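The following paragraphs lead the reader through a protein structure, step by step. Please keep the sequence and the model in view while reading.

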Amino acid sequence: MKPLLFLLTLVFATISLADRPNIVLVLADDLGYGDLACFGAKDVQTPNLDRFASEGLRFTSCYAGHANCSPSRTALMTGRTPTRVGVRNWIPEDSPVHVRRSEITIAKLLQQSGYTTCHSGKWHMNGEFNKPTQPQPGDHGFDHWFSTQNNAYPSHRNPDNFVRNGKEVGKLEGYAAHHVADEALRWLDARDKAKPFFLYVCFHEPHEPIASDAKYTALYPHDDPAYSAHHGNITQMDDAFGRVMKKLDESGLRDNTLVLFTSDNGPAITAQHPYGSSGPLRDKKGSMWEGGIRVPGILRWPGKTKPGTTSDEPICHVDFLPTACAITGITPPGDRVLDGANWLPVLEGGQVERKTPLYWHFNRASGEPKVAMRVGDWKILAMLDKTPPPRSNDITEQEERDFKEAALKNFMLFNLRADIGEKNDLAASESAKLTEMKALLETKYAEVRAESPMWPVWTFTGSEGKKIEWPDYVKKKKAAPAKKQP
């Protein structure tokens, strides 16, 4: 390291140890790139997030670490591409898949460095939730946790599956977003105020099973109640987010608190609620196209971010751990590969210095591409030469073998700056760039696949689906006979 850079690093570490900022990470669930007014939505009301964006920095090339729930959360917490960690798909209840004890989360690093820590909301980083057989939020660095394994059941309304520090809470009256926010507020009041804090708020909205308070659905009159419910669900989440921001401001915490808001993946756009939006991006949740992985990202850090600004520099959820380490003067883990990079230079108009390109890997991805990589403005996608498994969550010996043996094929290349909608495949016309990107992708693919652990054979029980309480309009839609094709 150059002498001046080394000196600046020491000075920064000394300052941050003396006066480290609080960190609040807020995660929405299945919120698409085009689902916020401040990201171009014309038919959704998100006044609190719009105000928040006007006070900080919008990342217009913010990426989730994966195209669905559990892997994306794993990327945020570990700074490692989730396929490497072994979390390759969403984790069902009672699954053997989990973020292992050997992984080091940013919560654990912050806790060990003197931060007090709290998780409120959706956890989804293990299958055997609240059992001693797998690590729980407390084992991964959270002093206080008020969590659900996956979704709020039977829906967002009156959930009965929250656990607080290992004890089942029972049925709660009201809506999940506000329970999650209110627990965060209670913890902020009760925490050890002599310590800086890390607060990880994970809303369930607008993931199904959706349930929205009538005061929010009333904002969206429509012939289809699913439209009103979906959009109302986003506004419901926005209102709960506003509660947390108001608490920070009223408690005098605003100026020394970094707040990052983002989403775990693109919009679900399901048969029951086909109203999420990817904006100008291609496809949706579960896909390696931009609509599956590019998400809203908004940062407010007074004195560090300029109000109402934007950056199109690509950042990703895997960057959160190394960036938080840089902010707090913590040495990142040196005994393992970190796939993320520190994005602090972006706050000064600079670029992220990456040792490894942004990378996504999902054998069960919807659509043909299963692997993707971005370098600068360029994105390469590839298919696999093994037949993808059915879209269920069984773990079979065949699937595990195929995961370790599948080779890349049928490469596609896009320039995202010129073609954000990924409409023009340049693989044939940009042969030199394709060769360059292909070599990088194949190297990364082989490395990640080799490190990913194997899981035991397991049969998906579908137990979560049995707990869902669908609204009447969904029940009617499910009961209606399928329309015959002309």
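Leaving aside its neighbours within four places in sequence, Arg300 is in contact (heavy atoms within 4.5 Å) with Phe52, Glu55, Gly56, Met245, Asp249, Arg254, Thr257, Leu258, Val259 and Thr305. The model is a predicted one, in which local features need pLDDT of at least 70 and side-chain atom pairs count only at pLDDT 80 or more, while totals for chains, interfaces and linings use all residues. Residues are numbered from 1 along each chain as its sequence is written, and side-chain values use heavy atoms, with hydrogens and water left out.

Arg300 belongs to strand E9, which covers residues 294–300. Helices (H or I, at least four residues) and strands (E, at least two) are DSSP runs, numbered from the N terminus. Arg300 counts as buried because its relative accessibility is 2%; buried means under 20% relative accessible area, exposed over 50%, and partly exposed in between, with a 1.4 Å probe and protein chains only.

Helix packing comes next. The axes of helix H2 (residues 47–54) and H8 come within 7 Å and cross at roughly 50°; axes are lines fitted to C-alpha atoms, for helices over the stretch in contact, and angles run from 0 to 180 degrees between N-to-C directions. H2 is therefore oblique to H8. Angles under 35 degrees count as roughly parallel, over 145 as roughly antiparallel, 65 to 115 as roughly perpendicular and the rest as oblique. Pro47, Asn48, Leu49 and Phe52 of H2 meet Met237, Asp238, Asp239, Phe241, Gly242 and Met245 of H8. By class, this contact has 6 nonpolar, 2 polar and 2 charged residues; Ala, Val, Leu, Ile, Met, Phe, Trp, Tyr, Cys and Pro count as nonpolar, Asp, Glu, Lys and Arg as charged, and the others, Gly among them, as polar.

H8 (residues 225–250) also packs against helix H6 (residues 176–190), their axes coming within 8 Å and crossing at roughly 10°. H6 is therefore roughly parallel to H8. Among the residues in this contact are Ala181 and Leu185 of H6 and Ala240 and Val244 of H8. The residues of the contact of H6 with H8 divide into 8 nonpolar, 2 polar and 5 charged.

Which helix is largely enclosed by the rest of the structure? It is H10 (residues 320–328), because 9 of its 9 residues are buried. Just after H10, Gly329 takes a positive phi of about 80°.

Glu447, in helix H12 (residues 431–451), counts as partly exposed because its relative accessibility is 33%. Its C-alpha atom is separated by 8.3 Å from that of Arg84, 363 residues apart along the chain. The side chains of Glu447 and Arg84 make a polar contact of 2.5 Å.

Finally, the structure holds 0 disulfides (pairs of cysteine sulfur atoms within 2.5 Å). For Cys62, the nearest cysteine sulfur, that of Cys316, is 7.5 Å away. Cys62 counts as buried because its relative accessibility is 3%.

Note on methods. A polar contact is a pair of N or O atoms within 3.5 Å; within protein, one must be able to donate a hydrogen and the other to accept it, and residues adjacent in sequence count only if both atoms are side-chain atoms.
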